[in-house]
Amino acid sequence: MIASDGGEFMTTPIDKTRNIFQRKGWVIILAIFCSILWGSAFPVLKITYREMNIANGDLYGKILIAGIRFFVAGLLILIYAVFTMKENIRIRSLKDFSRVFLLGLIQTSLNYFFFYNGLANTTASKGAIINSLSNFLIIILAHFVYRNDKLNHNKVYGIIFGLLGVLIVNLGTGLNLGFTFQGEGFMFISVITAVLSSFMVKSFSGTMHPVLLSAYQLILGGLVLLIIALGGSYDTLQMTPLAGGLFLYSSLLSAVAFTLWYTLLKYNKPGEITMFRFLIPVSGSLLSVLFLKEKFTVNVAFSLAFIVIGIILVNRDPKKGKES
C-alpha cells in the first residue's frame with residue numbers, strides 16, 4: 001500500500017500491481033530523465049536568447065519567453081489530456097481552481113520572476129548554489145511533514161555530497177560573499193517558492209490528477225508572467241527557424257518534466273526523489289559542453305561523481321545497509 005503522507009519509496013519484493021511511478025527502478029530512471037530535461041533548458045535558453053536578440057539584461061524579454069513557454073507547455077499537456085482523459089479534464093470545483101491558480105502563481109509566476117531578476121543581479125555560480133538549497137530544504141522539511149520520510153545518517157551524508165557537488169561545479173566561477181536584496185535576496189525568495197510548491201504538489205495531487213495539476217498551473221502561471229511582460233519593449237525582438245524549434249522543445253520539455261515530476265511526487269517520498277534534482281546543474285553543464293562548445297572541466301566530472309554518491313546514499317535502506 002502507498003502511505004497517504006509521503007508515499008513508499010523503499011520497497012522489498014516488487015509488487016506487480018504497482019504502476020511504474022511506484023517501482024524503484026522506474027522511479028530512478030524517470031527522476032534522472034526529468035533532471036536531464038530541466039538541465040537541457042540551460043543551453044537551449046542561451047541559444048534561444050541569442051537567436052531572438054534578447055540581451056542578458058533584458059529581464060522583460062526573458063519573462064516574456066518564460067510566459068509563452070509555460071503557457072504553451074500547459075496547453076500541450078491539456079491537449080494530451082483531452083485525448084486520454086476526455087471529459088475528466090474539467091476543473092470540478094472552485095476549490096480545485098484556487099489550488100491550481102495558487103500553485104501556478106507560486107511555482108511558475110513568482111518562482112521564475114524572482115529567479116530571473118535575482119540571477120540578473122548576482123553571479124551564475126552563486127545563483128546555482130542558492131537555487132540548489134531548495135533541494136536541501138525539501139529533504140529537511142519532509143522529516144517534519146511526513147512521518148515515513150524521516151532523516152537518517154544516509155540522507156544527511158547524501159545531502160552533504162549533493163551540496164558539495166554543486167559547489168565543486170561552480171568553483172572558480174566568480175564566487176564571493178557579497179549580498180544584495182535584488183540579487184541573492186531574490187534568489188532566496190525563489191528557493192522558498194520552490195520549496196512551498198513541492199509540498200503543495202504532494203498535497204494537491206491526492207485529490208487532483210497530476211496531469212491536470214501540471215497543465216492548469218502552467219497555463220495560469222504562464223498567463224501571469226505574460227501580464228508582467230507587458231511592461232517591456234520588444235522592438236528588437238526577432239524570430240528565426242532555430243529559435244522557433246528550440247522554443248517548441250523548451251515547451252515540450254517543461255510539459256513532460258513537470259507532469260512526470262508531479263506524478264513522482266504523488267507516489268513517492270519528496271525527501272528521496274528531490275535528491276535527483278541536484279543533477280540539474282551538472283546535466284546543464286554537460287549539455288552546454290555538447291551544444292555550446294563550453295570546456296569540459298575536472299570540476300564537472302567530480303561534481304557528477306559526488307552527486308551520484310549522494311543519490312545512492314539517500315536511497316539506501318539504513319537498516320539493511322544496502323539499496324532497497
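**Notes on the predicted model**

1. Let's begin with the rings. The count comes to 13 aromatic pairs, where rings of Phe, Tyr and Trp (its six-membered ring) pair if their centres lie within 6.5 Å, and planes under 30 degrees apart count as stacked, over 60 as edge-to-face and the rest as tilted. One of them joins Trp38 and Trp261: the ring centres are 5.7 Å apart and the planes stand at 70 degrees, so this pair is edge-to-face. Trp38 belongs to helix 1 (residues 24-51) and Trp261 to helix 8 (residues 241-267), so the pair ties together parts that are 223 residues apart in sequence. Helices here are DSSP runs (H or I, at least four residues) and strands are runs of E (at least two), numbered from the N terminus.

2. A word on the ground rules. This is a predicted model, so local features need pLDDT of at least 70 and side-chain atom pairs count only at pLDDT 80 or more, while totals for chains, interfaces and linings use all residues. Residues are numbered from 1 along each chain as its sequence is written, and side-chain values use heavy atoms, with hydrogens and water left out.

3. Are the two tryptophans buried or exposed? Trp38 counts as buried at 9% relative accessibility, and Trp261 counts as buried at 5%. The cut-offs are under 20% relative accessible area for buried, over 50% for exposed and partly exposed in between (1.4 Å probe, protein chains only). For Phe113 and Phe114, the ring centres lie 5.3 Å apart with planes at 80 degrees, so that pair is edge-to-face too. Phe113 is partly exposed at 24% relative accessibility, whereas Phe114 is buried at 16%.

4. Ring pairs link Trp38, Phe70, Tyr112, Phe115, Tyr116, Phe258, Trp261 and Tyr262 into a cluster. Leaving aside neighbours within four places in sequence, Trp261 is in contact (heavy atoms within 4.5 Å) with Ala31, Cys34, Trp38, Ile273, Thr274, Phe276 and Arg277. The charged end of Arg277, in turn, sits over the ring of Trp38, 5.1 Å from its centre. For that label, NZ of Lys or CZ of Arg has to be within 6 Å of the ring centre and within 35 degrees of the ring normal. Lys266 does likewise with Tyr267: its charged end sits over the ring, 5.6 Å from the centre.

5. Next, the core. The largest nonpolar core has 77 residues, and Trp38, Tyr116, Leu213, Trp261 and Leu264 touch the most other members. Helix 8 gives the largest share of this core, 11 residues. A nonpolar core is a set of buried Ala, Val, Leu, Ile, Met, Phe, Trp, Tyr and Cys residues joined through side-chain atoms within 4.5 Å.

6. Zooming out, the chain has 11 helices and two strands, running α-α-α-α-α-α-α-α-α-α-α-β-β from the N terminus on. Of its 324 residues, 52% count as buried. Among contacts with a separation of 6 or more, 85% come from residues 24 or more positions apart.

7. Two residues show this kind of link at single-residue level. Leu64, in helix 2 (residues 59-85), is buried at 15% relative accessibility. Its C-alpha atom is separated by 5.1 Å from that of Ala229, 165 residues apart along the chain, and Leu64 touches Leu226, Ala229, Tyr234 and Leu237, not counting residues up to four places away in sequence. Asn131, in helix 4 (residues 124-145), is partly exposed at 29%.

8. Finally, some backbone to check. Most residues other than glycine have a negative phi. Asn53, in the loop between helix 1 and helix 2, has a positive phi near 65 degrees and is partly exposed at 42%. Lys293, which follows helix 10, also has a positive phi, near 60 degrees.
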